[in-house]
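Keep the structure open as you read.

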Amino acid sequence: MNWLRLQMRAGLRAARQMVRQPFNTLLAALVVGIAAALPATGYMLLGNLQRLAGNVSAAPEISLFMQPGASADVVKDSEKKIRALAKEGRVELISRDAALKRFRDNDALAEILDALPDNPFADAFVVRLKDADAERLEALRADLAKLPEVEHVQLDSDWAKRLDALIALGRQALSMLAGVLGLGLVAVTFNTIRLQLLTQRDEIEVSRLLGATDAWIRRPFHWFGALQGLLGGALAGLLTLVATRMLAQPMSELAGLYSLEFVLRPLAVLDWAVLLALCALLGWLGASASVRRHLSRIA
């Protein structure tokens, strides 16, 4: 209880110190907020990109072309096997007659098809999967290609591989950015606390003469750094929310061009809490390092 009471008193002292210097406090918190908002906004965009990837995962199609002249019984038997392999997917049969009719609707191709003695198309199946990544699509393509009645299997999985690579690159770049800016936040707090120590040098010397321990002297500065980081984290969350609102409409219009329904989501409550905690922790680390370095120089 005594430790908790001491911490509360130190926190109140730090808060009063921040209130006495509103301009400096707001300026330092704004620096922290802008720096933290960059990786926070990147994290928000990356999360939405992953969600979009999940929504688009149903778009890829695996096309299976049967052997020319395959009988109706063979096609029916193949359909059962295909449905068994693609249990979670939707299988659609496009008969050779339906394919011929579809191409006849194109005036440029109608005359060419009429000149042919027979229907040049083969029966085909289109398999559409939900929540399928590139590896799952490739594995299913290989299994379908083993069917003896299937002449050719076509899969365009390059989009999925590119998207996976883009998301992985985004994670790595975001981690590097967060690390660099995290060091920057520690440096900002380090310098702020150094200035606070110099400003309160006389007060610290008097406190030592009265018997104050270094732990008692350090405690308010630790709280000052943590509160400054917490305030900066709150500003970062607000900036990220503003960015979400500003980008929501353009992102929705862009998704509409690809016939997709997409709503840009802001950071979740848990993400906000993690952002605040990290910023407070970085502020505490910067304050701790600064106090440890500069307090010993004050006689």
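Leu85 sits in helix H3, which covers residues 72-85. Keep in mind that this is a predicted model. Is Leu85 buried, exposed or something in between? Its relative accessibility is 32%, and since buried means under 20% and exposed means over 50%, Leu85 counts as partly exposed.

Now look at who Leu85 touches. Leaving aside neighbours within four places in sequence, Leu85 is in contact with Arg136, Leu140, Asp143, Leu144 and Leu147. Take Leu144 from that list: Leu144 and Leu85 are 59 residues apart along the chain, yet their C-alpha atoms are separated by 7.5 Å.

## Arg90 in a strand

Next stop is Arg90, found in strand S2 (residues 90-94). Which residues does Arg90 contact, once neighbours within four places in sequence are left aside? They are Val126, Val127 and Arg128. Arg90 and Val126 are 36 residues apart in sequence, and from C-alpha to C-alpha they are 8.1 Å apart in space.

## The two sides of helix H1

Helix H1 runs over residues 2-20, which makes 19 residues.

Which residues of H1 are buried? They are Gln7, Ala10, Gly11, Ala14, Gln17 and Met18. If you look down the axis of H1, these buried residues fall within an arc of 120°, so they line one face of the helix. Over on the other side of H1, Met8, Arg9, Val19 and Arg20 are exposed.

## Thr240, tucked inside

Thr240 belongs to helix H9, residues 214-257. With a relative accessible area of 1%, Thr240 is buried, because buried means anything under 20%. Its contacts, leaving aside neighbours within four places in sequence, are Ala37, Ala40, Thr41, Met44 and Leu267.

## The second largest pocket

Which helix gives the largest share of the lining? That would be H10, with 7 residues. As for the kinds of residue in the lining of this pocket, 16 are nonpolar, 1 is polar and 1 is charged.

Terms used
Residues numbered from 1 in each chain as written. Predicted model: local features only at pLDDT ≥ 70, side-chain atom pairs only at ≥ 80, totals over all residues. Heavy atoms only, no water. Helix = DSSP H or I, 4+ residues; strand = E, 2+ residues; numbered from the N terminus. Nonpolar A, V, L, I, M, F, W, Y, C, P; charged D, E, K, R; others polar. Buried < 20%, exposed > 50% of the residue type's maximum accessible area, 1.4 Å probe, protein only. Contact = heavy atoms within 4.5 Å. Expected span 1.5 Å × (residues − 1). Arc of directions from axis to C-beta.
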